[in-house]
Amino acid sequence: MSPQIEAMLGYTVEEWRADPDLFVKTLHVDDRERMLARLTDPNAKHLPYVEEYRMVGRDGRVVWVRDGAVPVFDDAGTPKQFQGYLLDITERKLAEEDARIGVARVRSIVDGALDAVVSMDASGTITGWNANAETVFGWTAEEAVGRRLADTIVPPPQREAYRRGIDEYLRTGTGPVVGQRIEVNAMRRDGTEFPVELAVTAVPSGDTVFFNAFLRDISQRRASEDALRAGEERYRTLIENIPGAVYRCSADEDWTMAFISDEIETITGYPASDYLGNAIRSFASVIYPDDVEAVNGMVEAGIREHRPFVCEYRLVRADGDIRWVHEKGQPVYGPDGVTRWLDGAIFDITERKRAEDEQARTQALLDTIVDHIPMALFVKDAQELRYVRVNRAHNELVGGKGPLGLRDRDFYPAELADSFVAEDREVLAGGAPIEIGEETLITADGGERVIRTAKVPIRDEDGRPLYLLGISEDITERKEAERERERLLAAEQLARAEAEAARSELAEQNLELRKLDHLKDEFVALVSHELRTPLTSIIGYLDLVLDEEGGPVTEEQRRFLEVIRRNSQRLLHLVGDLLFVAQVDAGKLSLEKLPVDLTELARDCLEAVRPRAAEKGVHVELAADDVTGFEGDRLRLSQLFDNLVSNAIKFTPTGGRVDIGVVRRNGCAVVTVADTGIGIPPEEQARLFERFFRADGATRLAIQGTGLGLTISKAIAEAHGGTIGVESQEGVGTTFAVELPIGSGASS
Amino acid sequence: VSDAPLVLVADDDEDIRHLVTLRLERAGCRVVAAATGDAALALAVAHDPALAVLDVMMPGMTGLEVTERIRESEDGTRMPILLLTARVQEADVEHGLAAGADGYVKKPFSGPELIERVRELLGLAA
């Protein structure tokens, strides 16, 4: 298979080789059966053949071929295949077709044809000249027939080429003109030239050949084509110079491009040819997906309302970059009113958009700053001094919705407004910013704010005032704060002075107290000494008398002396109690802690009171556990026991009993003294441990006591880290319980 | 009589001074008595008593001071000193013992108690 086959039928050699059935497929349907029969005829396999038949090229064109082939045999002499040539004989076949058509019929066609039809023989002599030829060329048929065609209608410059073409055809059966439709210049009788469309057919006839030329005057068309071409040229130049892509597209969903200028490549990165007929991509495919709907909407609205449309949207470039475009277009309608095309232009406005965005951002930033700056800001126009811009702080300062479009007079009290306006005029006239110190402004709700304002004139390039900018600071709070601070300062100074005075007074008092304290200590010591000294003598000399150191004492005298002695002891006891309380008050009660056997202490106490109990007829009993490990001040604890037990005996009538108990419980030594005495009413129980408090019953029954015993007992218990408590029921009895921690008692 | 130990008694209260003196004499002691600390110190130096019974609270030189002076002047010997005090604070007792006293008896005191302490300090059997 030689490469010429591709020119003939449009299929490449490779395709022929790849598809064994291609030959059968390309056989014209009318010839297919005949050819297959011949090629597969078993009786003709070994015979050469020449056949003419039709094939169908890739483009659907019918091609007449002459197929001449001889069989090829294998070694055994069996025919394997045919080998031969294929010739394109379409032209000849067409001519034969023409020749077959009757002459009359030809003539009628020729005469009726719109074209000038001229026939000539192989020598170039005119043999036919139809009516149109007469009109077009200005020669009648009589005149023309017999003339040489070249001399009659071919302009001299082309005659040489014409002659060569004829000669070539006659020699080879093919030429540059025959079978073609070309445009050339022809010449009228008057010598003028004009463009014609020329189609020449060759009609072989025996050994010779006739030519038919069909000529159409295309002066008109050419003129308009030239005009169009010139126009197109102009537009093309224009379009190429437009900084945007010009297009014509269908109003379909792909925006299928019939034309789009090369600029689209600059914008989208894809060549214009990509888009033509959606060859590689549709224009819709490069629209940023989010914007597709908006674009469709705008265009559809334009179509619906028969008006141009304008839209701005984004395109996705080949390199992924996103470009903003501005598109302006309009629908073009056919006579039927249906949209035929959309014509328009697309401009890349990315930079402008960026600049706009930047400006918008800058503006937004400025607005944000202006609105959030904690200073009241306003702008008034220079002529009428109306507010044209105010910020939030200003609205907050003035109160209400803000004075946009208003003048000071419209919302401030007249006097205040006039003073503001006077300042404004001064600033605008003077041309320099001024600062206004403290002014009092009346707000919408009638409140007063103290402000400080800077006023700045804003002028145009010619120096004429345009605006007045004001920046006010609300210093009300600050002023108040200053006043408050001053007030606080004064108050603080006063307080400081008072505190100083109080402190010095306190120091004085302290000193005084210390002195008093000291005096008290001295007093107590003195009293102690001064009371004990005479008591020492009283008791000492009584003892001498009772010891009969001064001579015999009668029984009666002894009884009287015992009364004196007992009361002396009482007095001594009282002095001791007073001294003790004074020590507790002064915090000077100190303990001498040593291991103490509480049971033994209780027994000693019991033994000491036994005579008194027996005398009164009160039964006293001790029930003691062995409490070990307790440490305390033996003397003080003894005093504590004695107080409690003595009290119990005192308040228990004859026949009653007093039970002393010592037990260990929860890490404490618990000493209880329970009596069956008169009891203590609940309201008195709480006051029992108060100094000098004496139970009502004690007073009523004239039971002796100082009211210090329980106070002292409590102090001793607490000095040991313990507690003392009482439970009592009137007429039933009273129980005192002392709890003393073992081991971890309070230090002395 | 010369076998009887000599005891120095010092108390500014005349009644008590006599009471102590009487008790000591009945117990078989000889007594030199002083009403002030200064006198007591003078008698101590002059008589070199076997024992001193000193009241703590005396005008002028107190019993504690007298004790200190006596202890300062002593050279190898040591005179027992018994303090009499009407004060009951332990601090007073400590001060006394610190000053060099050998014991104390609180006022008011009983005769037998006083004599017992004196006998102890004189090294005599009760």
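This is a predicted model: local features need pLDDT of at least 70, side-chain atom pairs count only at pLDDT 80 or more; totals for chains, interfaces and linings use all residues.

Colleague: How many helices and strands does the secondary structure of chain B have?

Modeller: Chain B comes to 5 helices and 5 strands. Read from the N terminus, its elements follow the order β-α-β-α-β-α-β-α-β-α. Of its 126 residues, 49% count as buried.

Colleague: How many salt bridges are there over all chains?

Modeller: A salt bridge pairs a side-chain nitrogen of Lys or Arg with a carboxyl oxygen of Asp or Glu within 4 Å. By this rule there are 62 salt bridges over all chains. One of them joins Lys455(A) to Glu423(A), with 2.8 Å between the closest N and O atoms. This pair links distant parts of the chain, as Lys455(A) lies in strand 17 (residues 448-459) and Glu423(A) in helix 18 (residues 414-430) of chain A, 32 residues apart.

Colleague: Are Lys455(A) and Glu423(A) buried or exposed?

Modeller: Both Lys455(A) and Glu423(A) are buried. Another salt bridge is formed by the side chains of Lys479(A) and Glu438(A), at 3.1 Å from N to O. Here too distant parts of the chain are linked: Lys479(A) belongs to helix 19 (residues 476-546) and Glu438(A) to strand 16 (residues 434-442) of chain A, 41 residues apart.

Colleague: Why do Lys479(A) and Glu438(A) count as partly exposed?

Modeller: The term covers relative accessible areas between the limits for buried, under 20%, and exposed, over 50%. Lys479(A) counts as partly exposed because its relative accessibility is 21%, and Glu438(A) does so because its relative accessible area is 49%.

Colleague: Which residues are linked in a network of salt bridges?

Modeller: Asp30(A), Asp31(A), Arg34(A), Glu51(A) and Arg54(A) are linked in such a network.

Colleague: Which residues gather in a patch of positive charge on the surface?

Modeller: The patch of positive charge brings together Arg566(A), Arg570(A), Arg612(A) and Lys650(A). Of these, Arg570(A) is placed in helix 20 (residues 555-585) of chain A, and its relative accessibility of 44% makes it partly exposed. There is also a nonpolar surface patch of about 300 Å², made by Val388(A), Ile458(A), Leu466(A) and Tyr467(A). Leu466(A) is located in strand 18 (residues 465-474) of chain A and is partly exposed, at 36% relative accessibility.

Colleague: Let us turn to the backbone. Where is Asn666(A) placed in chain A?

Modeller: Asn666(A) sits in the loop between strand 22 (657-665) and strand 23 (668-675) of chain A. Its phi is positive, about 50°, although it is not a glycine. Asn666(A) counts as exposed because its relative accessibility is 75%. Asn278(A), also a residue other than glycine, has a positive phi near 55°; its place is the loop between helix 13 (272-275) and helix 14 (292-305) of chain A.

Colleague: Which peptide bond is cis, with omega near -10°?

Modeller: That bond runs from Lys107(B) to Pro108(B). Pro108(B) is found in the loop between strand 5 (103-106) and helix 5 (111-122) of chain B.

Colleague: Finally, how many disulfides are counted over all chains?

Modeller: A disulfide is a covalent bond between the sulfur atoms of two cysteines. The count over all chains is 0 disulfides.

Methods
Residues are numbered from 1 along each chain as its sequence is written. Chains are lettered from A and ligands numbered from 1 in the order in which they are written. Side-chain values use heavy atoms; hydrogens and water are left out. A disulfide is a pair of cysteine sulfur atoms within 2.5 Å. Patches are made of residues with over 30% relative accessible area and no salt bridge: like charges are joined within 9 Å, nonpolar side chains (Val, Leu, Ile, Met, Phe, Trp, Tyr) within 5 Å. Accessible areas come from the Shrake-Rupley method with a 1.4 Å probe; for residues, only the protein chains shown count as cover. Lys and Arg count as positive and Asp and Glu as negative; His and the chain ends are not counted. The place of a charge is taken as NZ of Lys, CZ of Arg, CG of Asp or CD of Glu. Helices (H or I, at least four residues) and strands (E, at least two) are DSSP runs, numbered from the N terminus. Buried means under 20% relative accessible area, exposed over 50%, partly exposed in between (1.4 Å probe, protein chains only).
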